[in-house]
Amino acid sequence: MITVETLTKSYGGFVAVDDITFTARPGRVTGFLGPNGAGKSTTLRILVGLTPATSGSATISGRDFVTIPNPGRQVGVLLDASAQHAGRTGREILTIAQRFMGLPKGRVEEMLDLVSLTPEEAGRRVRNYSLGMRQRLGIATALIGEPEVLVLDEPANGLDPAGIRWMRGLLRDYADQGGTVLLSSHLLHEIEVIADDLVVIGNGRIVAQGSKRELLQTAGSLVRTGDQATLTRALTESGVTSAPAGTGALLAQAEAEHVGKIAFAAGVPVIELRPADGAGLEEIFLHLTSDTQRDSSTTPEGAAA
Ligand SMILES: Nc1ncnc2c1ncn2[C@@H]1O[C@H](COP(=O)(O)OP(=O)(O)O)[C@@H](O)[C@H]1O
Ligand SMILES: [Mg+2]
């Protein structure tokens with residue numbers, strides 16, 4: 001169980017993580033979703049004791065990561081696959097982890113098998129690994145201590161489609177056996193397939209959270225008009241809440257017919273009007289990525305910043 005409570009992180013006057021609260025539960029894969037610069041890595045770094053929080057807390061099974069003895073046995077962590085010692089071979093890195101955690105020797109070969117690194121690859125120096133191989137090695141290192149909790153920052157980066165499918169299967173099995181998985185991604189589609197629960201973050205704040213089923217069943221209607229401001233006002237006056245949903249659309253919490261009548265009464269021409277269905281989450285996410293993405297110039301697409 002991972003518990004994040006009213007967590008805030010400021011860098012000078014800049015609030016990177018702004019009062020966020022969520023849990024990741026055993027037996028479930030929790031997807032931590034948000035555009036680049038949203039605050040995902042900062043949150044995960046605080047969770048594993050690499051960055052101090054400004055206020056609030058982030059605990060694993062009720063404890064601060066730094067107070068857990070032999071943490072690798074409790075929490076598997078993969079934050080930056082490129083941070084592994086480039087001069088060591090994959091097998092050496094796993095062997096160091098195996099000894100450090102006091103695990104049986106056989107775990108090294110088991111892990112190499114699990115992540116499909118061949119003996120030849122395991123004997124190669126990490127500087128000669130592709131990003132995908134580094135991710136596999138990182139996952140092996142995270143899993144070697146048989147932890148109950150896994151924390152993975154953008155683990156799909158650098159994996160090819162077969163690798164992504166493999167990782168999904170692995171995380172699914174791990175959660176089905178009772179493990180807690182928290183993984184981040186800046187791509188909705190990547191996480192939609194694997195996550196049971198979702199925590200969506202933008203500009204350091206949580207904008208949506210709940211089970212994937214709940215979030216994908218977003219009720220209401222999507223409406224696109226030439227005059228968003230007037231329609232928003234008219235909806236509010238009729239007691240219908242609405243929120244901008246990217247590319248000029250509004251997500252209104254009412255049936256399409258009702259929204260159409262309100263627009264008509266307000267004299268606002270409607271360009272598009274339909275039930276939101278599962279589109280709610282996608283629209284929220286699009287809105288985040290189009291309007292409020294920070295950092296787009298400093299964080300390259302796909303970078304595990
Ligand atoms: N050490 C730091 N000093 C100043 N700003 C930082 C630092 N680390 C992260 N940030 C800023 O905090 C915001 C969130 O970053 P990050 O947590 O890496 O986002 P994500 O992982 O969601 O892409 C970004 O705007 C980033 O530039
Ligand atoms: Mg990041």
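This report describes the sheet, the nonpolar cores, an aromatic pair and a few single residues of a predicted model.

Residues are numbered from 1 along each chain as its sequence is written, and chains are lettered from A and ligands numbered from 1 in the order in which they are written. Because the model is predicted, local features need pLDDT of at least 70 and side-chain atom pairs count only at pLDDT 80 or more, while totals for chains, interfaces and linings use all residues; side-chain values use heavy atoms, with hydrogens and water left out.

**The sheet**

Helices (H or I, at least four residues) and strands (E, at least two) are DSSP runs, numbered from the N terminus. Two strands pair if DSSP finds at least two bridges between them. In this model 6 strands form an open sheet with mixed pairing, in the order β5-β6-β7-β3-β8-β9. The edges are β5 (75-78) and β9 (205-211), each with a single partner strand, so one side of each has no neighbour in the sheet. From one strand to the next the twist averages 15°. Strand β3 pairs with β8 (residues 197-202) in the parallel sense over 4 bridges, and Thr 30 has Asp 197 in β8 as its bridge partner.

Helix α1 (residues 40-47) touches β3, β6 (149-152), β7 (180-185) and β8, and its direction makes about 150° with that of β7. Helix α6 (residues 161-176) touches β3, β6 and β7, and its direction also makes about 150° with that of β7. Axes are lines fitted to C-alpha atoms, for helices over the stretch in contact, and angles run from 0 to 180 degrees between N-to-C directions.

**The nonpolar cores**

A nonpolar core is a set of buried Ala, Val, Leu, Ile, Met, Phe, Trp, Tyr and Cys residues joined through side-chain atoms within 4.5 Å. The largest has 37 residues, of which Leu 94, Ile 139, Ile 144, Leu 150, Leu 171 and Val 181 touch the most other members. Helix α6 gives the most to this core, with 7 residues. Leaving aside neighbours within four places in sequence, Leu 150 is in contact with residues including Gly 76, Ala 142, Leu 171 and Val 181. Another core, of 24 residues, lies apart from the largest one and includes Val 4, Phe 32, Ile 60 and Val 75.

**Rings**

Rings of Phe, Tyr and Trp (its six-membered ring) pair if their centres lie within 6.5 Å; planes under 30 degrees apart count as stacked, over 60 as edge-to-face and the rest as tilted. The whole structure has 1 aromatic pair. The ring centres of Phe 22 and Phe 32 are 5.2 Å apart and the planes are at 40°, so the pair is tilted. Phe 22 lies in β2 (residues 14-24) and Phe 32 in β3 (residues 29-33), so the pair ties together parts 10 residues apart in sequence.

**Accessibility of single residues**

Buried means under 20% relative accessible area, exposed over 50%, and partly exposed in between (1.4 Å probe, protein chains only).

| Residue | Relative accessible area | Class |
|---|---|---|
| Phe 22 | 2% | buried |
| Phe 32 | 0% | buried |
| Val 259 | 0% | buried |
| Thr 6 | 42% | partly exposed |
| Asn 70 | 33% | partly exposed |

Val 259 is in helix α10 (residues 256-266). Most residues other than glycine have a negative phi. Thr 6, in strand β1 (residues 2-11), has a positive phi near 40°. Asn 70, in the loop between β4 (55-60) and β5, has a positive phi near 45°.

Key: Contact = heavy atoms within 4.5 Å.
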